[in-house]
Amino acid sequence: MKILVYLILLLTLNIKSAEFTFEAYGVNDMKNSVVTKNKEHTYFSFINEGVIITNIDRVGESHCAGGLNISKGKMSSDILCENISGEYFFYTKYTNANMDPSSNIFKFEIADGTGPFLELVGQKCTAAYLPIESNKYLFKGKCDIPDANFIRMKTFKD
C-alpha cells in the first residue's frame with residue numbers, strides 16, 4: 001500500500017526537468033608529470049583547448065586547467081574549464097576522487113556563468129570523456145535542469 005501511495009504522490013507532483021547538453025572537441029596537453037620509481041604514484045598538470053557546441057544554439061571555445069593524479073590504482077582530479085560563447089561564459093568544475101583510471105564518466109558542477117548560462121550555476125552534471133589518439137579528445141556533458149531555467153536559456157536575448 002505504501003508503494004502505491006508513493007507512486008501516486010510522485011506522479012501528481014509533476015516535477016519537470018530539461019536537459020542542457022554541450023559537446024567539446026579539442027587538444028589535451030599533459031605537462032609536468034612526476035612518476036615515482038615504483039610507478040604507484042603519477043601526478044601531472046593538465047590543460048586543454050577546444051570548441052564547444054550546446055543544445056541552446058550557442059557555440060564557442062573551451063579552456064581547461066588543473067591537476068590529475070593516479071595513486072595506487074585510483075585517480076583523482078581537480079580541473080576548472082572556462083567555456084566561452086560570444087560575450088557569455090560558464091565555468092565547469094571537475095573534482096573527482098578515488099576513481100577507476102579507466103573510467104570515462106565524470107561528475108562536475110557549474111561553478112559560475114553569465115548571460116543564458118547564469119541559469120546553470122550550482123547545477124550538478126555528468127560527463128563522458130573519450131581520449132582520441134595521443135592528445136585529442138571528445139567530451140559530452142549533460143545537466144538536468146528545471147524546465148523554466150532551460151526555457152529562459154533558450155529564449156535569452158543579448
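**View 1. Lys39 sits in a loop with a positive phi.** Lys39 is found in the loop between E1 and strand E2 (41-54); helices (H or I, at least four residues) and strands (E, at least two) are DSSP runs, numbered from the N terminus. Although Lys39 is not a glycine, its phi is positive, at about 65°. Lys39 is also exposed, with a relative accessible area of 64%. Here buried means under 20% relative accessible area, exposed over 50%, and partly exposed in between (1.4 Å probe, protein chains only). A note before you zoom in further: this is a predicted model, in which local features need pLDDT of at least 70 and side-chain atom pairs count only at pLDDT 80 or more, while totals for chains, interfaces and linings use all residues. Residues are numbered from 1 along each chain as its sequence is written, and side-chain values use heavy atoms, with hydrogens and water left out.

**View 2. The protein chain as a whole.** Step back for a moment: the protein chain holds two helices and eight strands, and from the N terminus on its elements run α-β-β-β-β-β-β-β-β-α. Of the 158 residues in the protein chain, 33% are buried. The protein chain exposes about 9700 Å², with carbon and sulfur atoms supplying 59% of it; accessible areas come from the Shrake-Rupley method with a 1.4 Å probe, and for residues only the protein chains shown count as cover. Among contacts (heavy atoms within 4.5 Å) between residues at least 6 apart in sequence, 46% join residues at least 24 apart.

**View 3. Eight strands close into a barrel.** The order is E1-E2-E3-E4-E5-E6-E7-E8, and the pairing is antiparallel; two strands pair if DSSP finds at least two bridges between them. From one strand to the next, the twist averages 25°. Helix H2 (residues 147-154) packs on the sheet and touches E1 and E8, and its direction makes about 120° with that of E8. For such angles, axes are lines fitted to C-alpha atoms, for helices over the stretch in contact, and angles run from 0 to 180 degrees between N-to-C directions.

**View 4. Strand E8 has E1 as one partner.** Strand E1 (residues 17-35) and strand E8 (residues 136-146) pair in the antiparallel sense over eleven bridges.

View 5. Strand E7 (residues 124-132) pairs with E8 in the antiparallel sense over seven bridges. Along this pairing, Tyr129 stands opposite Phe139 in E8, and Ile132 stands opposite Lys136 in E8. The hairpin has three residues between the strands, and Glu133 takes a positive phi near 55° there. Glu133, in the loop between E7 and E8, is not a glycine. At 72% relative accessibility, Glu133 counts as exposed.

**View 6. Phe108 is a buried residue of strand E6.** Phe108 is found in strand E6 and is buried, with a relative accessible area of 3%. Strand E6 (residues 105-113) and E7 pair in the antiparallel sense over five bridges, and the bridge partner of Phe108 in E7 is Cys125. The C-alpha atoms of Phe108 and Ile79 are separated by 9.4 Å, with the two residues 29 apart along the chain.

**View 7. Strands E4 and E5 pair.** Strand E4 (residues 74-85) and strand E5 (residues 88-99) run antiparallel and pair over ten bridges. In E5, Phe90 is the bridge partner of Asn83.

**View 8. A nonpolar patch lies on the surface.** Tyr25, Val51, Ile53, Val59, Leu130 and Leu138 form this patch, with about 480 Å² of accessible area together. Patches are made of residues with over 30% relative accessible area and no salt bridge, where like charges are joined within 9 Å and nonpolar side chains (Val, Leu, Ile, Met, Phe, Trp, Tyr) within 5 Å. A salt bridge is a side-chain nitrogen of Lys or Arg within 4 Å of a carboxyl oxygen of Asp or Glu.
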